[in-house]
Amino acid sequence: MSSAAADSADTFPEDTDSDGLDPELPEPELVGGVTDERLPLRVRLRSLYRFFVVIGAFLPFAVAFLRDRRRWLLFGEGRERTDADDRRRARKLRETLLDLGPAFIKFGQMLSTRPDVLPPAYVEELAALQDRVPPAPWSEAREVLEGELGPVDEVFAEFEREPISGASIGQVYVARLPSDGAASAGGSDVAVKVLRPGVRPRVEADLRVIRTLLPFVTRLAPPGQRFTLENLADEYAATIRQEMDYAHEARRQELVRANFADDPQVRIPPVVAELTTDRVIVSEYVEGTKISNVSTLRSMGIDTTALARRLLEAYIEMIIEDGVFHADPHPGNLAVQPDGTLVFYDFGLTGTLSERRRDELFEFYVAVASEDIEGVLDAFEGMGALDPDADREFMRAGMQLAFDNLRGGEVDVSEVRELVEGFQGTLREFPMRLPRDLALMVRTSTILEGVCYTLDDDFDFIAVVTDYVREEQGQESVQRLLEAGLDEAARIGLAVFRAPTGAERALDRVRRGNVEVTARVHDDGRVVRRLGLRIVLGGLTTSGVVMTALAYGFRDVVGTVIVAVTAAATAGLLGLTAWSFRRSRGIRATPQFTRQNMRERQGRDE
């Protein structure tokens, strides 16, 4: 870690958690650290006013949805909804969210990345939703600045009154610090991010409205979607509060910057800690070309394919190795310097992953690298992200298309249409119930995919992931693969003891199928024991072959001695297994009556 990063880390201590949320942030039921009963009167009054505004805005959608079920609300058959109807309603929903302001704009942006909540037409329409809020007047922004830092003309040598970027939550200005000032970055250009005046009470009022309406919305939703909607509301409340806490953003920015301190290809602007509060964040102003300006980047001699690869590798490192990642990689937050260095801006939205979650994601990456679709689905299910009742056939078909797309290959449009038509409603009936940390990671991955394909139409995601699994992890990968081999051996041994139980269950199923079987079994008392021995030896031999192959493949890491030991042990197990198959009388069974036998007799009678 560089000295600058170390100093900043002392000012902004690390604060990670297990579910993607900052432990210092209030829970959704709290506002600014106070309980709901002690909310300021203006917030409660605004919530009441906004409640009626929101009800009026969404009432037409609720009526239309109910009429889809029953044409005359209380009676009648349901209406058929066409794709044109969905698109018309989706456009109207986008316009409504824009009219309702910052909190609902952010909510719409989150919904646009959740196909498990909305039909495709809505997802596509809301994907175009952007912050279309005009910047706050300079007089209002100045009031916030001076309330936090003091007189603008005394703190800054120069300050441009027009923001260089703006959104529904905050806006960014360019300024210069005085060379003799108290700030550590004296004399340098800085970016000053200012929270929009009055945005917190407006957002808190809207959050109360959303929480009030949530029970009614979930009651109308399909049973399989209720968990998802409740989870989405919690995720939204947490993330928007995170974005409004600039002290939190400064801590995360410095933490990620420290993680990349030794990587010259990634640059994150350092924070000026003395001038940063929970409503203002000041950091070094780092110029760069917007990453979506592909023609400009290529004219600068930058290899955009290598740039996309470097960007994806940086995110894999943040997600798997560091556990803290920049969660808003849209082109406005990514830039490129003339030497190809990646620049990350705006850490208002970040995610954290526990060590256990990172291990689960590594297993997911291993499955992706080997293009093991069943392994990918098992990984999703193991993380609690895939409902066990989901239709595996559809999920496999969709995953195969996703693999083709990630490989940068051409996807057959008719095949996609056929899949979507067959899959219509299945994802929402049996949704991928994404936990909050995974939901944020999926949202990040979706945006990142678009950026990488902008840089290279044929970008191969799987190739990057495969290289990471094979090369970047080094000894850690070897250890995890060896652990996987040991786990597999343990599962085989456990299966031996579970075999009698499985056989009993199979017989139960036979009885339920009205099939009776009578057999005479002649055993000299040793064959069953020999059969069990063969199963155990076969399982151990298989595990030994796998361990030997792994040890040989990574012999430069584990050493030649371990390779020799595993090979000798495997050879011994192989010999014992072969010995167990010497000639013996075995089991003789004469079946007396089966369903197949009954059918043969009936055929002869006919």
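This is a predicted model: local features need pLDDT of at least 70, side-chain atom pairs count only at pLDDT 80 or more; totals for chains, interfaces and linings use all residues.
Helices are DSSP runs of H or I with at least four residues, numbered from the N terminus. When its neighbours within four places in sequence are left aside, E125 is found in contact with A90, R91 and R94.

Packing between helices was examined for α3 and α4. Two packed helices are described by the angle between their axes and the distance between the axes. For helix α3 (residues 83-100) and helix α4 (residues 102-111), the angle is about 145 degrees, and the axes lie 6 Å apart. On the side of α3 the contact is made by L97, L98 and L100, while α4 contributes P102, F104, I105 and G108. Of the residues in this contact, six are nonpolar and one is polar, whereas none is charged.

At the surface, a nonpolar patch is formed by I55, L59 and V63, which together have about 220 Å² of accessible area. I55 is placed in helix α2 (residues 41-69) and, with a relative accessible area of 33%, is partly exposed.

Y345 is found in the loop between β10 (342-344) and β11 (350-352), and its relative accessibility of 22% makes Y345 partly exposed. Although Y345 and I268 are 77 residues apart along the chain, their C-alpha atoms are separated by 7.0 Å. Beyond its neighbours within four places in sequence, Y345 is in contact with several residues, including P269, V286, H326 and L334.

Key:
Residues are numbered from 1 along each chain as its sequence is written. Side-chain values use heavy atoms; hydrogens and water are left out. Axes are lines fitted to C-alpha atoms, for helices over the stretch in contact, and angles run from 0 to 180 degrees between N-to-C directions. Helices (H or I, at least four residues) and strands (E, at least two) are DSSP runs, numbered from the N terminus. Contact means heavy atoms within 4.5 Å. Ala, Val, Leu, Ile, Met, Phe, Trp, Tyr, Cys and Pro count as nonpolar, Asp, Glu, Lys and Arg as charged, and the others, Gly among them, as polar. Patches are made of residues with over 30% relative accessible area and no salt bridge: like charges are joined within 9 Å, nonpolar side chains (Val, Leu, Ile, Met, Phe, Trp, Tyr) within 5 Å. Accessible areas come from the Shrake-Rupley method with a 1.4 Å probe; for residues, only the protein chains shown count as cover. A salt bridge is a side-chain nitrogen of Lys or Arg within 4 Å of a carboxyl oxygen of Asp or Glu. Buried means under 20% relative accessible area, exposed over 50%, partly exposed in between (1.4 Å probe, protein chains only).
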